[in-house]
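Work through the exercises below with the sequence and the model in view. Each task is followed by its solution.

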Amino acid sequence: MAGTDQIYIKWYACDEHVEVVLDQLVDEVEIAPDLNPCEPDEAKTATCHWCGGTPAYRLSAHPSNP
Ligand SMILES: [Zn+2]
């Protein structure tokens with residue numbers, strides 16, 4: 001009986017790499033993640049999963065447990 005928030009993937013992507021990061025995340029978790037604009041506070045510390053640059057988007061997903 002695991003909680004639904006137990007596994008939570010959160011990746012970031014810059015404007016340029018949002019598509020490739022999205023593809024990679026879908027490939028990894030096999031579900032479509034939520035795509036939201038990155039908060040300014042998050043952009044200070046988070047980095048694009050692809051290039052390490054300042055992110056513009058946050059991709060979050062809750063992979064289901066096997
Ligand atoms: Zn990037």
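Helices (H or I, at least four residues) and strands (E, at least two) are DSSP runs, numbered from the N terminus. The model is predicted: local features need pLDDT of at least 70, side-chain atom pairs count only at pLDDT 80 or more, and totals for chains, interfaces and linings use all residues. Residue numbers start from 1 along each chain as its sequence is written.

**Exercise 1.** State how many helices and strands the protein chain has, and their order.

Solution. Counting gives two helices and three strands. Along the sequence they follow the pattern β-α-β-α-β.

**Exercise 2.** Find the residues of the largest nonpolar core and the elements that supply them.

Solution. A residue is buried if 20 or more other C-beta atoms, placed from the backbone, lie within 10 Å of its own, exposed if 12 or fewer, and partly exposed in between. A nonpolar core is a set of buried Ala, Val, Leu, Ile, Met, Phe, Trp, Tyr and Cys residues joined through C-beta atoms within 7 Å. The largest such core has 10 residues: Trp11, Tyr12, Ala13, Cys14, Val21, Leu25, Cys38, Cys48, Leu59 and Ala61. At least two come from each of strand S1 (9-13), helix H1 (18-29) and strand S3 (57-61). S1 gives the most, three residues.

**Exercise 3.** Is Ile9 buried or partly exposed, and which residues does Ile9 touch?

Solution. Ile9 lies in strand S1. Ile9 is partly exposed because 14 other C-beta atoms are within 10 Å. Contact means C-beta atoms, placed from the backbone, within 7 Å. Not counting residues up to four places away in sequence, Ile9 touches Leu25, Val29, Ser60, Ala61 and Pro63.

Technical notes. Contact = placed C-beta atoms within 7 Å.
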